[in-house]
Amino acid sequence: MITTPHAIPNRHVQELRELRKKHLNPALSLSYQEPLKIVKGAGAYLYDEQGNAYLDMVNNVCHVGHCHPAVVAAGQAQMAQLNTNTRYLHDNIVEYAQRLSATLPQELSVVFLTNSGTEANDLALRIAKTYTQANDIIVVDHAYHGNSPSMIELSPYKFNSKGGSGRPAHIQVAEIPDDYRGRFLREDPQAGERYAQDVQRAVHDIHQRGQQPAAFYCESILGCGGQVVLPPSYLQHAYGHARAAGAVCIADEVQVGFGRAGKHFWAFESQGVVPDIVTMGKPICNGHPMGAVVTRPEIAQAFLNGMEYFNTFAGNPVSCAMGLAVLDVIQDEHLQKNAAQVGDYLINGLRSLQTRHPIIGDVRGMGLFIGVELVKNHEDKTPATKETRSIIEYLKTHRILLSSDGPHDNVLKIKPPIVFTQANAEEFLQRLEEALLV
Ligand SMILES: Cc1ncc(COP(=O)(O)O)c(C=O)c1O
């Protein structure tokens, strides 16, 4: 006899809020003054319980579109066939490792699978420490690398804000290379090199402690830092300083990888560097939890110190089938090209809005990872934080979902599924202009 699952009651929004309060920890936040009950997703849209469609410009996880039929079918078929751990030989994991490494520079050929971006960054930390036999880490200011205790220690975004306990002694924070608001501006052709000097300073501080650096972590475009595009040659110089001190360089592509950057499949490629370790997550399985670490054979080899790497769910046949389907869809539907074209269209449209609306201080981005920084004036760039919040609420009432971030929470964060079309971009630009006129 096949058991029919019990029907889940269709509860009213207010009742759901009360039950969340009672049974879930309020540390799980909700978006918007009046939270939405979302019951369905398709393409770039989310649907509430009344069937209203919302254009989703937040979700860089459902990368190839919510509930993409090919990804769903791949998961369903494999789920009906077999799901188990990696202690048996299976085609899916090998096929996935091969296909994933083919998207990366040749030297990055060894793949470890995990269940999330946090786990990927955690494992990268273990690998870096084992390889270098060092302990100290350099991160970029305002970075977020994950929710585990070790990743909170590596995330100034968390340890320097509410509830955080400040910078741990073994972590050094390099200045954020923000060429709009920081010390060196975009007009300065050496801004990248100048910001990277602070990585050298961090190395020096580690040596002063009598320690060595194990790793330099950097997102390839800074997300929580406010959608900051790294100034040209920043990573080349920063990696140079870190490597000269024996550290490995880790590119966190959890937010921006898999074609989102448009011109490049991996955003670090825009900096002309090859990292020692790349970490991945969010878009990798279009919403199904998976993460990955890819590294050089010699680094992977050093990790073989006798301790097994076992991770119950990571690399299971279902996740790998879904990951393969995501790679297929990106390729078959030319989604990297779409990200490049629609991203350029959107950036141009936003720059044109900027000429009419002085509250727009800066428009920056790559492909479909874009930031719009709002300021009260262009001289001292006072953050327009309250206005940013109001714009997000206004757009929500017009059924467009957007979030904000950055140290002052005044950057509109644009990172929709990469099936986002030019028509979607036009609709957004029109609504944003309305919001700016309110
Ligand atoms: C850059 C970056 N790295 C790592 C993570 C952690 O990923 P996850 O939440 O999937 O564990 C995040 C999540 O927001 C992130 O933005």
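Of the 15 residues around the ligand, the ones that come nearest are Ser-116, Gly-117, Thr-118, Gly-146 and Val-254, where a residue is near a molecule if its C-beta atom, placed from the backbone, lies within 6 Å of it. The model is a predicted one, in which local features need pLDDT of at least 70 and side-chain atom pairs count only at pLDDT 80 or more, while totals for chains, interfaces and linings use all residues. Residues are numbered from 1 along each chain as its sequence is written.

**The shell around the ligand**

- Helix α4 gives the most to this shell, with three residues; helices (H or I, at least four residues) and strands (E, at least two) are DSSP runs, numbered from the N terminus.
- By class, the shell has two nonpolar, ten polar and three charged residues, with Ala, Val, Leu, Ile, Met, Phe, Trp, Tyr, Cys and Pro counted as nonpolar, Asp, Glu, Lys and Arg as charged, and the others, Gly among them, as polar.

- Seven strands form an open sheet with mixed pairing, in the order β4-β12-β11-β10-β7-β5-β6, and two strands are said to pair if DSSP finds at least two bridges between them.
- The edge strands of this sheet are β4 (110–114) and β6 (171–174), each of which pairs on one side only.
- Direction ignored, neighbouring strands of the sheet are turned by 20° against each other on average; axes are lines fitted to C-alpha atoms, for helices over the stretch in contact, and angles run from 0 to 180 degrees between N-to-C directions.
- Within the sheet, strand β11 (residues 277–280) pairs with strand β12 (residues 291–295) in the antiparallel sense over four bridges, and Ile-277 has Thr-295 of β12 as its bridge partner.
- Helix α4 (residues 117–132) lies across β4, β7 (213–219), β10 (248–252), β11 and β12, and runs at about 25° to β12; two residues are in contact if their C-beta atoms, placed from the backbone, lie within 7 Å.
- Helix α7 (residues 191–208) lies across β5 (136–140), β6 and β7, and runs at about 160° to β6.

- Strand β13 pairs with strand β14 (residues 369–374) in the antiparallel sense over six bridges, and the bridge partner of Asp-362 in β14 is Glu-373.
- These two strands, β13 and β14, form a hairpin with two residues between them, and Gly-367 in the turn has a positive phi of about 55°.
- Seven of the seven residues of strand β13 (residues 360–366) are buried, so this strand is largely enclosed by the rest of the structure; a residue is buried if 20 or more other C-beta atoms lie within 10 Å of its own, exposed if 12 or fewer, and partly exposed in between, with C-beta atoms placed from the backbone.

**Packing of α3 against α10**

- The axes of helix α3 (residues 91–102) and helix α10 (residues 317–332) come within 8 Å and cross at roughly 35°.
- The contact is made by Asn-92, Ile-93, Glu-95, Tyr-96 and Arg-99 of α3, together with Pro-317, Cys-320, Ala-321, Gly-323, Leu-324 and Leu-327 of α10.
- By class, the contact of α3 with α10 has seven nonpolar, two polar and two charged residues.

**Individual residues in loops**

- His-264 is found in the loop between β10 and β11, and it counts as buried because it has 20 C-beta neighbours inside 10 Å.
- Not counting residues up to four places away in sequence, His-264 touches Glu-269 and Ser-270.
- Most residues other than glycine have a negative phi.
- Tyr-32, which is not a glycine, has a positive phi of about 75°; Tyr-32 is in the loop between α1 (13–23) and β1, and counts as exposed, with 11 C-beta neighbours inside 10 Å.
- Arg-399, in the loop between α12 (385–397) and β15, has a positive phi near 65° and is partly exposed, with 16 other C-beta atoms within 10 Å.
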